[in-house]
Amino acid sequence: MLLAPPAGRQAHAQEVPDGVRLDLGRFGPGNVAREGSWTGLRLEVADQGLSPQREIILRVRVPDPDGDETDYDRVVTSNAGVVQSFWLYFPVPTGGAGVDSLEVFAYEAEESDADARFGFRAGRVLGRSTMSLSRAIPASSGVIGVVGSARLGLDDYGPSGNITSHLPLGHEVSRLASGLEVSDIPDRWQGLAGVDVLCWTSTRAGADPGQLTTDKARAIRDWIERGGHFVVVLPSVGQEWFSTVGNPLASLMPAIKPPQTVEGVDLGAYRALLTSDREARLPTNGVVRFFERADGAGTGEAMPILNDPEGRCIVMRRLVGCGAVTLVGIDLSLSGLRAGGLPDADVFWHRVLGRRGQLLTPDEAAQKGIVQFATRLASRTPIQLDIDLESQIAMRGTAAMGVALGFVVFLLYWLTAGPVGYMLLGRAGLKRHAWTAFVGSVAAFTVVSWVAATASRPHRASIRHITLLHGVHGQSTQRARSWMAILTPFYGQAQVDVGAEDTGAGSNLVAPLRTSAASLSLGGFPDNRSYRVESRQPDQMVFPARSTVKELMVDWAGTGGWSLPHPVGQPGDLEEPRLRATGAEEFTAEGTRVDYEIEGELIHNLPGPLEDVLVLVNTGQVTVVEGAQLGANLSANVLAYELPDPWRPGTRLSMPEVTRRGATQGGRRRQLASAYLESLLASENPGPAGGIRPDPRRLSERLKALALFPQLGPPTFNDGPGVRDKLARRDRTHGFDVGMWFTQPSVMVLGLVNQTGRDAAGVVPVRLDGESVPAEGTTLVMWVYPLDPSPPEVRRAGSSE
C-alpha cells in the first residue's frame, strides 16, 4: 500500500529554488472518477524557474499488479510565473488493489534518443504532490455528466436514502457529475471514458460550446464514436448548437431543418412525457422546439425518438459511430420543473437513455406494498456478472504442465538418489560407492531438469482473450474492449501496440489488468521496475518481460474490424438490400397476411461461426399514456429469438424464418424480451458468503446479460431472499451495452465467436514487438441494425384509444 508522504514532500517546489508547484485540480469530470476506469487529473502547474520557458515531464505513478510501476507521462512546455492547466490520464486503481493514494511528479525534461515516443527522459524532480483515491466512486457505479447547473431529474438514478450502492428496485446506481463547465472537459477522450452519458443543458458563460478548444471538441467526438451518448437539452434562449460558426460540435447535431420554436407553452400538455403524477404543477411558460428531418439527410443522421401529443418531434437523434447525439426540444432546466424534481426519470429519461425499472425510495416502495420491509431492499443477493473475466483468460495449462513436470523429475530424483538407488547398490555390493552415486545422480538430474525445462518452456508468444465487439450498421467505426493474457516467452522488455494506424476515433487504450496472476499469488515480482506510458496516447506499452504472462485490458476502435452481419439481396436486385419491419395487418402481393416481424436476409463473414445467437427485434416504444407508469415493464415492444444452430460464415439468415409469428418452429425459440431478460438472472445459483459463484458453462448468458445490462429485469420480493431479488453488478463493462437501442426500432444480434489454434486472430489488432500474435479466445459480437424510426403515440388523459 502506498502511504502519504511526509508533509515536507507535499510542496516539493519549496525545496527546489527553481521548482514547480503542483496543485491538484479536477479528479475526473466534476471530480467524479470511477475505480477501474480511465480518467483525467487536471493539474494546475506554476513554474517558479528562472527560464521563461522549459520542457517538463508531468507524471502520475500507478502501481502495476505485477509489482512494477507504470508512469503515465506527459511532456509539456511551462511558462515561468504563469499558472497553467494540464490533463494527465490513467486508469484508477480499484479499492481492492491496496492503493489509497498516488504520487504526482514534475521532472525536468532532458533530451534523449532512448525513447523516440517521448524524446525526453526524466531529470531532476521539480515538484511532487500526493493524490488521495478516497474520492473515487465504486467500480460498480455508473456516471452521468451534466454541463450546466440543472440536474434535469437525473438524480432519480442516484443513491436513494440509506442505499448508496444500488437502486432499491433496480440494479446499477449512477452518480451525477453535475455543474460541469467547459474547463472540466478533458482534451482527450479517455478522460471521458468513465462517463456513460453526457448531457449539455446550458450555453451561458462557462458552458458555451463555442468555448471548446479543438482538442476538447475532438475528445467529445471520439468519445461519442466509441459508444458515448451525448444529449443536448436545448435552452430557452440561444441557438448556439446550430451555428456552424464558433461551435466545433455543430457537425455532430442531427441533420434537421431550422427548429420551429414556440414560446409560452403550457407544459401541462406534455404531462404524459414528464411525470406520472396527475397533480404535479407544470410550468405554463415553457419553450419547446420541434424538429424536422432535413431534405437529403442520410440514414441515421436524423431519427425521431419522441413526439409530442400532436405528432411533432421533440427528441431527435443522430448516430455517430457506435454512439449517438440526441437533441431534446423541451427546456428541462426551467425553474418550474426543477422545483418539482421533474422530469421523472422513469417517465422521460427511460425512453431517451434506454433504461428500465421503478425509481422509488425504500420508503416509497414499502408504502406501495412492493416490499414489506424497506430493509429487504438493502440486502439483495449480488451477482457480479464480470467477476470471472480473469479466470477465463488465465493460462493455467502452461503453468500446470511445468509444475507437473517438475514434480515428476523431483520424484524420480528422490527415488534414484535415495531409497531405490541405495537398495540397488546394496544388492550389487557397492554400498561403499553410495556417495559417488549420489553426486552422479545430482549431476544427471540437473542436466535432465535443464533439458526438460528448456523443452517445456513456451517458445512462441500467444494471447488468450475475452472481447466485447460492437458495431452499428451504416457506421464505419467498430469498437471493442478486450481482456487478454499475453505470453511473452523471453526476458527483457516487450512492446505491445494496439492498432495505432487503424483507428479513426482517438487513441486506443492499453493498461495492465488490475488483478494479474502474479499479484494474486506472489504479490508481484521481486525485481520491480518502472515503465513509461504516454498519458494522452496510451496505445503502446513497453513493459518488463519475464518469460511469463502479462494481463492487459484494451479499448480499441477503428474502421478495419471484422465483417459483421449485413443485409444481402437477391441477384439482380437494383435497390440496396435492407431490413424492414412489417405491420401487424400487412398483406403480401398474393393477398395472404404477413406472418413475420422482419423482412430481409442477413449474412456475415466473421472468422468463425456465430454461436448461441440471440436476435432481438424492437418494433418501437410502447404508447405513452398520461398518468400511467411503466413500473417494471420495458418501455419498448421487443421480442427475443434464440437460434438453435450456429450461424456459419457466408450463410444467409432468413429474417422472416427467424421472426415468424405464432408458435415456435424449427427449433427456433420465440419469447418476449422481458421473459428472456428475467431468465438471465434467475438461472444464476447462490454461492459462498451470500454471493453468486459464476458457472463457467454459463459464460455466454453472462456476457449477454452484460450487453443487455440496462434492461435486466428488476427484482421482485414475493419469494424468499436470493430467489427473484438478485442484484446485478458490473465493474469492467460500463458503456458496452445496447441499452440505448431499446428506445428506437432496431434489430439486435448477439452471439459468440470462439477461436482456437495458431491461425486465430482477434478483432483487436495487437502486436508484440511489431509482430502479430495468435489470439485464442471468445468474442461477444453485438451488432445493431437501425430500423425506420417510429416514435410512440402520446395519449392525454381521457383520450380514446
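This note goes through some strands, a helix and a few single residues of a predicted model.

1. Strand β6 covers residues 101–111. Of its 11 residues, 8 are buried, so the strand is largely enclosed by the rest of the structure.

2. Which strands pair with β6? One of them is strand β3, residues 53–63, which pairs with β6 in the antiparallel sense over 6 bridges. Within this pairing, Arg 61 stands opposite Glu 103 in β6.

3. Strand β7, residues 120–132, also pairs with β6. The sense is again antiparallel, and there are 10 bridges. Here Glu 111 stands opposite Phe 120 in β7.

4. Elsewhere in the chain numbering, an open sheet is made of 3 strands, in the order β25-β28-β32. Their pairing is antiparallel. The edges of the sheet are β25 (566–567) and β32 (653–654). Each edge strand has a single partner strand, so one side of each is left without a neighbour in the sheet.

5. Strand β28 spans residues 601–603 and is joined to β25 by 2 bridges. These two strands run antiparallel. A student who wants to find the pairing in the model can look for His 566, which stands opposite Ile 603 in β28.

6. Helix α4 runs over residues 345–354. Of its 10 residues, 9 are buried, so the helix is largely enclosed by the rest of the structure. The buried set includes residues such as Val 347, Phe 348, Trp 349 and Leu 353. His 350 and Arg 351 are also in the buried set.

7. Is Thr 779 buried or exposed? Its relative accessibility is 0%, and because buried means under 20%, Thr 779 counts as buried. Thr 779 lies in strand β38, which covers residues 775–786.

8. What is Thr 779 in contact with, leaving aside its neighbours within four places in sequence? The contacts are His 465, Thr 467, Leu 469, Trp 562, Gly 751, Leu 752 and Val 753.

9. Cys 199 has a relative accessible area of 0% and is buried. Cys 313 is buried too, with a relative accessible area of 6%. How many disulfides does the model have? With a disulfide taken as a pair of cysteine sulfur atoms within 2.5 Å, the count comes to 0.

Terms used
Residues are numbered from 1 along each chain as its sequence is written. This is a predicted model: local features need pLDDT of at least 70, side-chain atom pairs count only at pLDDT 80 or more; totals for chains, interfaces and linings use all residues. Side-chain values use heavy atoms; hydrogens and water are left out. Buried means under 20% relative accessible area, exposed over 50%, partly exposed in between (1.4 Å probe, protein chains only). Helices (H or I, at least four residues) and strands (E, at least two) are DSSP runs, numbered from the N terminus. Two strands pair if DSSP finds at least two bridges between them. Contact means heavy atoms within 4.5 Å.
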